[in-house]
Amino acid sequence: MRIVWRFLPDLQAILAGAAAGFYLQRWFLPRYRTLLYPILAFIAIGALLNVRLLLGAVPAQWEIGVRGLAFALAAAFVAAFPVGWLVRRRLTQIPETDLVRRKMLHAAVAAPIATMGFGLIAARFTPLLIERELRIPGLPQDLHGLKLAQISDIHLSPFLSRRELARAVDMVNETRPDLTFVTGDLITGSRDPLDDCITELARLKAASGVWGCHGNHEMYIKAEPYASEMAARHGIQFLRDERASLRFGQAKLHLTGVDFQSKYKPMLRNVGELVVPNEFNLLLSHTPEVFRTAQKQGWDLVLSGHTHGGQLNLELFGEQLNIIRFFTPYTYGLFEENRSRLWVTRGLGTVGIPARIGAPPEVVLLKLLRA
Ligand SMILES: [Fe+2]
């Protein structure tokens, strides 16, 4: 059997989760072994689905669904394990008669599992509409007040239905934007409904057009050419190292898009010369890591996604705590460097664990203002 190496971290996490679940049951619910076995079996099936030989035998929606839920369960058990270990030590010091304190400690073990359950549901909430005013130095007068809508990281899959996407599309249309941008990750894997995603996005309406760039998930399955062609037939222009120049009154807005940019390769290699000096240049890049290079090249505004706002995110004393922080300084929101601005959206969907904690799904409306 050939293991898909890309899924090896998932496999390790799932196995760690199964082990954590096993010990938690032994420590806290010793009488409920019959409850544990089906849960562990479910996690094991999720782990087995990482083995390529089995992938073809399972319908796509089941494969992604089971793997995602198994991963979520495993993650909840891993999070609960250190709490359980501490609680177990503490319980030995509390008398058997002190039922209140004992129950509170038991509840502490359940808290990470309950939080994950909430995150699973929260990922399916109606997206938030995030509205921001962006003050741009030297913005041409005729671009003042321009409304830009953004929808990103859709990941249409068993964990984000077409109906949920339709709701997000309606929300974007209701803002009556001048321009709408789709900034990548339409789907997660090759068996996800890419055609459905594009058909639904085709309902997006904006006075000066709907434009897009691709994400890493289109790249993984080499879907960029097909998705671009399909989208173009539906009136959405995906820009691939290309520029479109749009006129608004006396001003021009130069719009460029790039495919996924790996941080292990030189970034924005083919688009530096597309920046038009002394005019407004907007770059669509799925990954926000391009920002340092982008501001050196002279882009006024970069619109990105990719991070999902951390997806599992804890806010503590004003600090955002999530794993994505270790990979990029641009997890969510607005960033400024010299005259350049970067906006990073949390997007709509999920990847890996099908849950969102502290990072609700969103669509965005940005209003450009002259600084
Ligand atoms: Fe994504």
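H254 stands opposite N281 in β8. Strands pair when DSSP finds at least two bridges between them. This is a predicted model: local features need pLDDT of at least 70, side-chain atom pairs count only at pLDDT 80 or more, and totals for chains, interfaces and linings use all residues. Residues are numbered from 1 along each chain as its sequence is written. Helices (H or I, at least four residues) and strands (E, at least two) are DSSP runs, numbered from the N terminus.

**The sheet**

- Six strands make an open sheet, in the order β6-β7-β8-β9-β13-β12. The pairing is mixed.
- β6 (242–248) and β12 (333–337) are the edge strands, and each pairs on one side only.
- Neighbouring strands of this sheet are turned by 20° against each other on average, direction ignored. Axes here are lines fitted to C-alpha atoms (for helices, over the stretch in contact), and angles run from 0 to 180 degrees between N-to-C directions.
- Strand β7 (residues 251–258) runs parallel to β8, joined by six bridges.

**Strand β9 and its partners**

- Strand β8 (residues 280–285) pairs with β9 in the parallel sense over three bridges. L284 stands opposite L303 in β9.
- From β8 the chain crosses through helix α10 (residues 291–297) to β9, and this β-α-β crossover is right-handed. Right-handed means that, with the strands pointing away from the viewer, the path from the first strand over the helix to the second runs clockwise.
- β9 is also joined to strand β13 (residues 340–344) by four bridges, and the two run parallel. S304 stands opposite V344 in β13.
- Within β9 (residues 301–304), L301 and L303 point one way, V302 and S304 the other way. All are buried. Buried means 20 or more other C-beta atoms within 10 Å of the residue's own; exposed means 12 or fewer; partly exposed is in between; C-beta atoms are placed from the backbone.

**Two loop residues**

- P277 is found in the loop between β7 and β8. P277 counts as exposed because 6 other C-beta atoms lie within 10 Å.
- P277 and S262 are 15 residues apart along the chain, and their C-alpha atoms are separated by 26 Å.
- R346 lies in the loop between β13 and β14 (362–370). R346 counts as buried because it has 26 C-beta neighbours inside 10 Å.
- Leaving aside neighbours within four places in sequence, R346 is in contact with H308, G309, Y332, A359, P361 and E362. Contact means that the C-beta atoms of two residues, placed from the backbone, lie within 7 Å.
- R346 and K252 are 94 residues apart along the chain, with C-alpha atoms separated by 29 Å.

**Domains and their interface**

- The domain assignment gives domain 1 (5–122) and domain 2 (128–370). Such bounds come from an automatic or database domain assignment.
- The C-alpha centres of the two domains lie 34 Å apart.
- 14 residues of domain 1 are in contact with 14 residues of domain 2.
- On the side of domain 1 that touches domain 2, α4 (60–91) and α5 (99–122) are the elements that give two or more residues. The largest share, nine residues, comes from α4.
- That side of domain 1 divides into nine nonpolar residues, five polar and no charged. Ala, Val, Leu, Ile, Met, Phe, Trp, Tyr, Cys and Pro count as nonpolar, Asp, Glu, Lys and Arg as charged, and the others, Gly among them, as polar.
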